[in-house]
Amino acid sequence: MGEARNHLSESTRGARPVALESDVYVGAGAILLPGVRVGPGAVIGAGAVVTRDVSAGDVVVGIPARSIGRPS
C-alpha cells in the first residue's frame with residue numbers, strides 16, 4: 001500500500017488564504033479568489049466574483065466584482 005498521501009489535492013497546495021475581516025457580509029454564490037482580503041464592514045453581492053482586495057466598508061457586485069459605493 002505504498003506511500004502516504006497528503007489530504008490536499010495538487011491544485012490546493014500553496015494556495016493563498018482568503019482574509020475576511022470583522023462584520024463582512026458575503027452573498028450566496030459569491031466566489032472569492034485565493035489571496036483576496038476583504039476589509040471590515042464590506043458587503044459582497046450574491047454571485048459576485050471577487051478578484052481583488054475589497055476596502056473597508058465597500059459594497060461590491062458583479063463579475064468581476066466592482067465597487068458600487070458605501071452604505072449610507
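Reader: How do the elements of the protein chain run from the N terminus on?

Author: They go β-β-β-β-β-β-β-β. In this scheme, helices (H or I, at least four residues) and strands (E, at least two) are DSSP runs, numbered from the N terminus. That leaves the protein chain with zero helices and eight strands. Keep in mind that this is a predicted model, where local features need pLDDT of at least 70, side-chain atom pairs count only at pLDDT 80 or more, and totals for chains, interfaces and linings use all residues. Residues are numbered from 1 along each chain as its sequence is written, and side-chain values use heavy atoms, with hydrogens and water left out.

Reader: How much of the protein chain counts as buried?

Author: Buried means under 20% relative accessible area, exposed over 50%, and partly exposed in between (1.4 Å probe, protein chains only). Here 22% of the 72 residues count as buried.

Reader: Which residues make up the largest nonpolar core?

Author: The general idea comes first: in soluble globular proteins, nonpolar side chains tend to be buried together. A nonpolar core is a set of buried Ala, Val, Leu, Ile, Met, Phe, Trp, Tyr and Cys residues joined through side-chain atoms within 4.5 Å. In this model the largest one has ten residues: Val24, Val36, Val38, Ala42, Ile44, Ala48, Val50, Val54, Val60 and Ala65.

Reader: What does Ile44 touch, not counting residues up to four places away in sequence?

Author: A contact means heavy atoms within 4.5 Å. With that rule, Ile44 touches Tyr25, Val26, Gly27, Ala30, Leu32, Val38, Val50, Val54 and Val60. Take Val26 from that list. Val26 sits in strand E2 (residues 25-26) and is partly exposed, at 39% relative accessibility. Leaving aside neighbours within four places in sequence, Val26 is in contact with Leu32 and Ile44. Val26 and Val60 are 34 residues apart in sequence, with 9.9 Å between their C-alpha atoms.

Reader: How many salt bridges does a search of the whole structure find?

Author: The test is a side-chain nitrogen of Lys or Arg within 4 Å of a carboxyl oxygen of Asp or Glu. The search finds two. One of them pairs Glu21 with Arg37, the closest N and O atoms being 3.6 Å apart. Glu21 is in the loop between strand E1 (19-20) and E2, while Arg37 is in strand E4 (residues 37-38), so the pair ties together parts that are 16 residues apart in sequence. Glu21 is partly exposed at 35% relative accessibility, and Arg37 is partly exposed with a relative accessible area of 35%.

Reader: Where do Arg70 and Asp58 lie?

Author: Their side chains meet in a salt bridge (3.6 Å, N to O). Arg70 lies in the segment after strand E8 (66-69) and Asp58 in the loop between strand E6 (49-50) and strand E7 (59-61), so this pair ties together parts that are twelve residues apart in sequence. Arg70 is exposed, at 55% relative accessibility, whereas Asp58 is buried, at 11%. Setting aside neighbours within four places in sequence, Asp58 is in contact with Ala42, Val43, Ser67, Gly69 and Arg70.

Reader: And Val59: buried or exposed?

Author: Val59 is buried, with 16% relative accessibility, and belongs to strand E7. Val59 and Arg70 are eleven residues apart in sequence but 5.6 Å apart in space, C-alpha to C-alpha. Beyond four places in sequence, the residues that Val59 touches are Val43, Arg66, Ser67, Ile68, Gly69, Arg70 and Pro71.

Reader: Which residues line the largest pocket?

Author: On a 1 Å grid over the protein atoms alone, a pocket is an open set of points where a 1.4 Å probe fits, with protein on both sides within 12 Å along at least five of seven lines; lining residues have an atom within 4 Å of a point. The lining here is Val50, Thr51, Arg52, Asp53, Val54, Ser55, Asp58, Val60, Ala65, Arg66 and Ser67. About 150 Å³ of space lies in this pocket, a volume being the space filled by probe spheres set on the points, which are joined across faces, edges and corners.

Reader: What about backbone geometry?

Author: Most residues other than glycine have a negative phi, and most peptide bonds are trans. Asp23, not a glycine, has a positive phi of about 55°. Asp23 lies in the loop between E1 and E2 and is exposed, with a relative accessible area of 58%. The peptide bond from Ile63 to Pro64 is cis, with omega near -10°, and Pro64 is found in the loop between E7 and E8.
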